[in-house]
Amino acid sequence: MEAVSQEKMREIKETVTQKYGIPRDVMIEQAGFQVASLVRKKFSEGLKIAVICGRDENGASGFVAARRLLSWGYNIEVYTPFDRDRLSQTAHTKLQNLEDMNQEVKMMDFPTANAYVDALTHHSENSLAGDVAEAVEKMEKWSADTVSVDAPSGINADTGEGHKPCVKPDYTVTLGLPKKGLSKENSGKLFLADTGIPIYAVEENNVDAPDFKSSSLIDISN
């Protein structure tokens with residue numbers, strides 16, 4: 001199965017939206033569903049799950065995952081280190097969708113939990129800083145099981161380099177296509193999620209498309 005760079009992934013997404021008219025929102029909703037599905041497989045309903053969300057598409061996927069888990073009866077806490085006016089429009093919309101279900105999203109108090117969903121960043125070219133770095137340090141401090149969205153926060157998804165701090169997840173749900181820098185050493189058990197990217201959009205960009213016919217969430221750890 002072919003792994004891609006962040007640049008190639010952007011080109012493929014551009015093909016999906018510009019040539020085939022599939023909105024990014026469709027892929028974000030599917031990404032959040034797939035992350036929630038893995039959490040449902042790995043963690044029992046009685047555990048407290050904390051979803052830690054960033055400001056861009058990765059955070060938006062985290063808000064979607066939290067919404068889906070909440071609808072399935074999970075005990076969910078949600079936290080973002082960003083003020084609302086610093087969230088992207090997409091992330092803000094997904095946050096509002098979540099709050100419409102009467103779910104509190106904390107801006108100040110980092111939650112303790114039995115498991116974390118790391119939806120802060122999907123690719124870190126440089127070291128994390130400020131409140132984002134602090135959130136990563138707290139996730140690591142509590143030593144709870146962690147699921148990262150697309151790539152662990154603090155990891156360069158192209159090279160595999162881990163900055164300090166970085167999340168050391170038990171599981172990573174990488175989205176659409178495998179990423180060049182991810183491995184079980186830096187990402188835990190790796191799953192590839194179908195986010196609705198058409199096969200022809202992948203192949204037109206000279207990449208072999210993954211086969212999701214038998215499952216929309218594939219274990220690619222080996």
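The model is predicted.

**Stop 1: two helices**

Select residues 57-71, which form helix H3. Look along both axes. Angles under 35 degrees count as roughly parallel, so H3 is roughly parallel to H4. Now check the handedness. H3 passes H4 in a left-handed crossing.

**Stop 2: the contact between them**

Show side chains on H3. Pick Ala60, Phe63, Val64, Ala66, Arg67 and Leu70. Next, turn to the H4 side. Which residues in H4 do they meet? Select Thr90, Ala91, Lys94, Leu95, Asn97 and Leu98. Color this contact by class. You will find 8 nonpolar, 2 polar and 2 charged residues where H3 meets H4.

**Stop 3: the cysteines**

A disulfide is a covalent bond between the sulfur atoms of two cysteines. How many disulfides does a search of the whole structure find? The search finds 0.

Select cysteine 53. Cysteine 53 takes part in no disulfide, and its nearest cysteine sulfur belongs to cysteine 166, 19 Å away. Is cysteine 53 buried or exposed? Its relative accessible area is 0%, so cysteine 53 is buried.

Jump to cysteine 166. Cysteine 166 is in no disulfide either. Its relative accessibility is 11%. Buried means under 20%, so cysteine 166 counts as buried.

Definitions and conventions. Residues are numbered from 1 along each chain as its sequence is written. This is a predicted model: local features need pLDDT of at least 70, side-chain atom pairs count only at pLDDT 80 or more; totals for chains, interfaces and linings use all residues. Side-chain values use heavy atoms; hydrogens and water are left out. Axes are lines fitted to C-alpha atoms, for helices over the stretch in contact, and angles run from 0 to 180 degrees between N-to-C directions. Helices (H or I, at least four residues) and strands (E, at least two) are DSSP runs, numbered from the N terminus. Angles under 35 degrees count as roughly parallel, over 145 as roughly antiparallel, 65 to 115 as roughly perpendicular and the rest as oblique. A crossing is left-handed if the near helix is turned anticlockwise from the far one by less than a right angle, and right-handed if clockwise. Contact means heavy atoms within 4.5 Å. Ala, Val, Leu, Ile, Met, Phe, Trp, Tyr, Cys and Pro count as nonpolar, Asp, Glu, Lys and Arg as charged, and the others, Gly among them, as polar. A disulfide is a pair of cysteine sulfur atoms within 2.5 Å. Buried means under 20% relative accessible area, exposed over 50%, partly exposed in between (1.4 Å probe, protein chains only).
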